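Trainee: Hi! Could you walk me through this one with me? I have a few quick questions.
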Amino acid sequence: MNFEHSDERRMLADTLNRFIREQYGFATRQRICASAQGCSREVWQRLAELGAIAALFPESDGGFGGAGFDIAIVFESMGRGLVVEPLVGALMAGQVLATVGTEAARALLAELIAGEKIVLLAYEEADTFADPSRIALRAERAGAGWRLTGSKSVVHQAEQADAFVIAARTSGAVGDENGLSLFLVPRDTPGLSLRGYRLIDGGRAAELTLGAVALPAVSLLGMADSAHPVMERAIGYGVLALTAESLGAMEAAKEATLEYLRTRKQFGTPIGSFQALQHRMAALLLEVEQARSSVINAAASLGAGRTLRERALSAAKVTVGRVGILVAEESIQLHGAIGMTWELPLAHFAKRLVMIDHELGDEDHHLARFIALGRGKALAAGAP
Amino acid sequence: MDLRFTPEEENFCTEVRAFLAQKLPPRLSERVRAGKRLSRADMVEWHAILNSRGWLASHWPTQYGGPGWSAVQRFIFENECALAHCPRIVPFGVNMLGPVLIKFGTEAQKRHWLPRILDGSDWWCQGYSEPGAGSDLAGVTTSAVHQGEQYVVNGQKTWTTLGQYANMIFCLVRTDREAKKQEGISFLLIDMRSPGVEVRPIITLDGAHEINEVFLTNVRVPVENLVGPENKGWTCAKYLLTYERTNIAGIGLSVAAFEQLKEVAATQMRQGQPLAEDPLFAARMARVEIELENMKTTNLRVLAAASGGGVPGAESSMLKIRGTEIRQEISSLYRRAMGVHARAYVDEALDDGADGPWVGPKEAAASAAARYFNNRKLSIFGGSNEIQKNIIAKMILGL
């Protein structure tokens, strides 16, 4: 039993944390958010150079990590820095490309890892609510190729993408796990339109509309109709990434709040001397430690069999969902009025913490999933 | 980062399981599993079984007859015992007084008292709390006046767990009324058969006789029963509390209780389906299961941080708070699972040898609600959960 990270992982964390401290401070981050792009290709390139993307993939796929704790390390740093560049979407798309494993897919993955291309997974739709089986975007055979019609929702930093991995229904009805397929769709494909907008937690996203988009046969990633297990696996990586990101943001919010309790004076004394506030802060600390344990459990289970792995992932998402929102709300409350202001970094951590619960399934979604998996009734897709 | 136990620890785990499979009398484990009351003889019997293997005093170094275990080994041992429904080890002698004597006692005190703890010659109870000194423990007023070769002790101790079985009590007594609160306290060992000691039962809300009041009136105690220097008892008291809070999370107990909860949730019916299938009940169960899984890892993280045989510091306050909350929640769900029958208070069902007929589901038989109410104590004793938050605020957060 050993809860210390390896030297390599500690060095990576140090490198990323230093980058964030020195080159991605709050003012820089806010400037990026306020820019027209809401994202920095320069930062993306820099993250790639520092190994933040390569750490997410094993050597066999062109990276140097890929284990649960590699992913947790990278995203905890991203959470501490409130990084708005689309690493989660790229991680999930990259996992799909790695699973598909064709020469073209591997070539694109290499470009992704090098920071030269941004490829993002797009699967959520207006009515999916995190459940891939609810995907309605249709892909029909058209000659030798495919024709895609439908829409995708809130694709993070979609305007920056060079290509999307789009999940589509090739057979079956909405609600079926079978009948899903994945397609590689370049950003400039005719018929694909984006409506971009800002996000309340920083950066931008877009709604994707596909109006009878014609794709060649090679666009299909993997086998038709059987993408569900591939997606579950990729989304699992994304869930782990978000839980670790949340943990990093929680730590930052906790530190800021603790510092405020020590320095803010009322009634002639630091407000941290009041027991009502001390107990709330103590409870917060305890919850953050529990959240950290849940992320450790999830990271350790990433290579395990399906039930164990997916339950640990859902358990972590349930935990950081609950704790992240608690930390956000308590941090704002403990700061008082200043916590309500845009100028205070804490407020932006709080927004990110709450919004993480709106990505890849919220607390309720994952609680239901945790229960279903425990009964063995959940989706039989994939290996045990 | 590696959450697995080492091969040596895995072997130890196997060794403990094998021992329990062989030596734990089914009569005792069945009684514990069913939530029945244990007699003094039951507890003495279990102590003797553990002692014969050298595993009774898990905190003690080998030179005093302990097994010299690491923190992780203790965690494994305590978990396995809980999962096997062992009677609990009565902690006052082995886990509380023992470490204090080893740290602060004279050679003569160690030679005399430690073997008697192991072989069961003495049954110790804890004389800390008083009617006026609960969370504010340093407010004890029981006085000990030095007269020749004796102390004359007057005062009242309370919430004395299993004091009705004890022949010895370790007490915090005030030996200097003028000194600052913490500085006038001494740590004294008192023979309960001395004239002037009176034990009166306190019946708890579940109807159990677990705790007592102990009245001390002109009790004469030989000076050699003083542990540590006079007026330095607070140091002993604090040291003891760190041991009191070790394994305070009770992970094994929670896991065992959760397994029992799953069993009843699979058989108890609501609206034509097992409770486990009821979405609301299943959600309550899932939440506590997730917290428990997180807690296991948190506990191991604290142990790993305190490795080297030490006891966890202020972090144990976190384990205490969440560990007891989880245990309370599980007994709350167990009570809920019994539906209407939770109200049945069939006292004799808790007695040894009771064999029905039961009122309602067998598992309910009077113990579900009683256990729930009894477990309210968890967030109160060993330093209330609010005191634990004070400790976290001061020691970890620096507020």
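This is a predicted model: local features need pLDDT of at least 70, side-chain atom pairs count only at pLDDT 80 or more; totals for chains, interfaces and linings use all residues.
Trainee: How many residues does H12(B) have, and how far does it reach?
Mentor: Helix H12 of chain B runs over residues 385–396, so to speak 12 residues. From first C-alpha to last, H12(B) reaches 15 Å, close to the 16 Å expected at 1.5 Å a residue. Just after H12(B), Gly398(B) has a positive phi of about 70°.
Trainee: Switching to the contact between the chains: how many residues does each of chain A and chain B put in?
Mentor: Chain A gives 31 residues and chain B gives 31 residues. On the chain B side, the elements with two or more residues there are helix H9 (279–305), H10 and H12.
Trainee: Which of them has the largest share?
Mentor: H9(B), with 13 residues. By class, that side of chain B has 18 nonpolar, five polar and eight charged residues.
Trainee: New topic: at what angle do H5 and H7 of chain A pack?
Mentor: About 150°, with their axes 9 Å apart. Angles over 145 degrees count as roughly antiparallel, so H5(A) is roughly antiparallel to H7(A).
Trainee: Is that crossing left-handed or right-handed?
Mentor: The crossing of H5(A) and H7(A) is right-handed. Among the residues making the contact are Leu91(A) of H5(A) and Tyr237(A) of H7(A).

Definitions and conventions:
Residues are numbered from 1 along each chain as its sequence is written. Chains are lettered from A and ligands numbered from 1 in the order in which they are written. Axes are lines fitted to C-alpha atoms, for helices over the stretch in contact, and angles run from 0 to 180 degrees between N-to-C directions. Helices (H or I, at least four residues) and strands (E, at least two) are DSSP runs, numbered from the N terminus. Angles under 35 degrees count as roughly parallel, over 145 as roughly antiparallel, 65 to 115 as roughly perpendicular and the rest as oblique. A crossing is left-handed if the near helix is turned anticlockwise from the far one by less than a right angle, and right-handed if clockwise. Two residues are in contact if their C-beta atoms, placed from the backbone, lie within 7 Å. The expected span of a helix is 1.5 Å times one less than its number of residues. Ala, Val, Leu, Ile, Met, Phe, Trp, Tyr, Cys and Pro count as nonpolar, Asp, Glu, Lys and Arg as charged, and the others, Gly among them, as polar.
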